[in-house]
Amino acid sequence: MSLARLGCGLAACLVALASMAAEPLSEAALAEARALRQRALADDTAYELIRSLTTEVGPRLAGSAGDARSVAWAVAQLEALGFANVRAEPVTVPRWIRGDARAEIVAPWPQALAVAALGGSVATPADGIEAEVVSVASLDDLKAQPRERIAGRIVFFTARMDRSRDGSGYSRVVPPRSSGAAEAATLGAVAMVMRPAGTSASRTPHTGAQRYSTGVPPIPAFALSNPDADLLQQQLASGQPVRLRVTSTSRWDGEAQSANVIGEIPGHNLKDEVILLGAHLDSWDLGTGAHDDATGVGIVTAAARLIAESTRRPKRTIRVVLFANEEFGLSGAEAYAARYHGAIEQHVLGLESDLGAFRPYGFTARVAPDKLPLVSTIQSVVEPLGIPYFGTEANGGADVGQLRPLGVPVMDVITDAAPYFDLHHTANDTFDKVDPELVRLNVAAFVAIAYLAAEADGGFGRLPVTSKPNP
Ligand SMILES: [Zn+2]
C-alpha cells in the first residue's frame, strides 16, 4: 500500500504506523472481545454445566466415589464441548471418610446440637467424649489460658465471622479451624468445637480442613452452626458448668487417585503460550458444591467454549484446568505446578473462578508494571458489565495463585463474598442458590479478559519469582 493511499505524508505516516505497532491489541480484537461479552450474556452453557455437575455427580470430596465420577464427568463434558487435548492428569489425594457426628449438651439443659466433623478429624471412642466446655475467643486467647483450665475439657472457639462483600472475615476465623484442635490438644483438651467459619443463620454447620501437629495427640474437631453456637453460649452465660457429649466415626483411609482435568482451545499462531482458566472440580461433601466450585467449573469452561466458537481465534491457547482436591490440601495445584515447572514461562496469565457465581464488583490485575496500560485497555471492555478496576492486588485464587510465586501474572474478577459465605462448605451449597443471570455476567467478564489476554502482543511480563514448586 502506498503512502498516498494511506492519506498521510511520510513523517505523519511513520508516526501513525509506529503508534499502531505499539498497541498490543488491535481494534478488531477489541471488537471481538465486546461481541463475545455480549454473546456470554445470552448463553447458558455455564448454568447447564453447573446443573449437570451438581445433579449428576453431586458431592465430590477428594478420594470419594463422587470425586472419581466428577473426573469422568469433566472429561466427557470437555470432549462433548469440542475442547482439544482433553486429558485427566493423575493427582494423588488424601482420603478421609466423614462418618457420622453428633453433639449434645448434657447439662445444665440437655439439647442436641447441629454439628459436623472438620475435615481430617479423628473419631471419638464409640460412646463419645463427654466433658465440660471451656470457651475461648481465639487462638491467642487459648494460648494465654493456664493448662489446668483447658486440660480434660472440650474447647469451644466462639469467634463469629463478620459478613462482608470482600469476605475478609473468613481469614480471621480460619486459624482456629485449621489449628484450633492441635493447639487445644497441646494444653490437654479432649475435643474441640467451634462456631462455624461461615455466616449462615441456618442450622447448617460449616466444614473445612483442619490439621494436627506432629507430636501432639489428635483430638476430634467439630464445627457447630451459628444458631447452635449461640445456644451453647447462652447456656455458658448462665454461669453453670456446661457439659457436652460429642461422637464421631470419622476416619482416614490412606490415599486415592484423582486427576486435574484439562482441555484446550488451541491458539492460532502462539499456541505454546497459555492463558490458564482455573476452577476446582472437588467439593466438600455436605452440599453439592454448587457455588464451591461447580460455578467456577461452569464459568471457565463456558468462557473458553465461547472463544472456541469465535471465527476470530486468538493467538494464544486457552487452557481450562479443573483442579483436583483444592479443599483438602491443594493437591491438584501442587501437582500442576510440579508437572509444568519446565513450561512455566509459557503461562502468560492465570485467572480463576472460586468465589461463587455472585455479582462481580471489581477487577484486579497483578502484572509487570510496564503492562498496566494493557490492563486498562482490557478493563475498558469489562467496565460496561459494571465491574470497575480495583488495583493490582490480584492473588489468582487458591489454585491458580500457586503459579504466582513462580512468576505467572494473574487477574481476579472479584465477586460479592457476602452471600458466598452463607453457603460455603455447608449443606446449603446447592444448585437452587445459583442465579443464571449472575452466572452469565461472570462468564461475560471471563470471556472478555481471556480473549484479550490470549490476543495481546507482548503478554503481561513476569512477576518476581519467590518460590519453586515441590519436585
Ligand atoms: Zn472453592
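Mentor: A search of the whole structure turns up 27 salt bridges. Keep in mind that this is a predicted model.

Trainee: Okay. What does D285 pair with?
Mentor: D285 meets R98, side chain to side chain, with 2.7 Å from N to O. The two come from distant parts of the chain, 187 residues apart. D285 is in the loop between β11 and α10, and R98 is in the loop between β1 and β2.

Trainee: Is R98 buried or exposed?
Mentor: R98 is buried, because its relative accessible area is 12%, and the cut-off is under 20%.

Trainee: And what about D457, which residue is its partner?
Mentor: K315. The closest N and O atoms of that salt bridge are 2.7 Å apart. D457 lies in the segment after α14 and K315 in the loop between α10 and β12, so the bridge ties together parts 142 residues apart in sequence.

Trainee: How do those two compare, buried or exposed?
Mentor: D457 is partly exposed, at 40% relative accessible area. K315 counts as buried, at 15%.

Trainee: Now E393. Where is it, and where is its partner R366?
Mentor: E393 lies in the loop between α12 and β15, while R366 lies in strand β14, so their pairing ties together parts 27 residues apart in sequence. The side chains form a salt bridge at 3.8 Å, N to O. E393 counts as exposed, at 60% relative accessibility. R366 is partly exposed, at 24%.

Trainee: Which residues are linked in a network of salt bridges?
Mentor: R87, E89, E264, R319 and R339.

Trainee: On to the nonpolar side. How many residues are in the largest nonpolar core?
Mentor: 73, and L277, L322, I378 and M411 touch the most other members. Helix α14 gives the most to this core, with 15 residues. Apart from it lies another core of 29 residues, including L139, L142, M194 and A417.

Trainee: What does L277 touch away from its sequence neighbours?
Mentor: Leaving out residues within four places, its contacts include V300, A303, A304, I318, L351 and A450.

Trainee: Last one. Where is T199?
Mentor: T199 is in the loop between β7 and β8. T199 is buried, with a relative accessible area of 14%.

Trainee: Which side chain does T199 join in a polar contact?
Mentor: The side chain of D422, at 2.5 Å. Beyond four places in sequence, T199 also touches M161, D162, R163, N226, A418 and F421.

Definitions and conventions. Residues are numbered from 1 along each chain as its sequence is written. This is a predicted model: local features need pLDDT of at least 70, side-chain atom pairs count only at pLDDT 80 or more; totals for chains, interfaces and linings use all residues. Side-chain values use heavy atoms; hydrogens and water are left out. A nonpolar core is a set of buried Ala, Val, Leu, Ile, Met, Phe, Trp, Tyr and Cys residues joined through side-chain atoms within 4.5 Å. Buried means under 20% relative accessible area, exposed over 50%, partly exposed in between (1.4 Å probe, protein chains only). Helices (H or I, at least four residues) and strands (E, at least two) are DSSP runs, numbered from the N terminus. Contact means heavy atoms within 4.5 Å. A polar contact is a pair of N or O atoms within 3.5 Å; within protein, one must be able to donate a hydrogen and the other to accept it, and residues adjacent in sequence count only if both atoms are side-chain atoms. A salt bridge is a side-chain nitrogen of Lys or Arg within 4 Å of a carboxyl oxygen of Asp or Glu.
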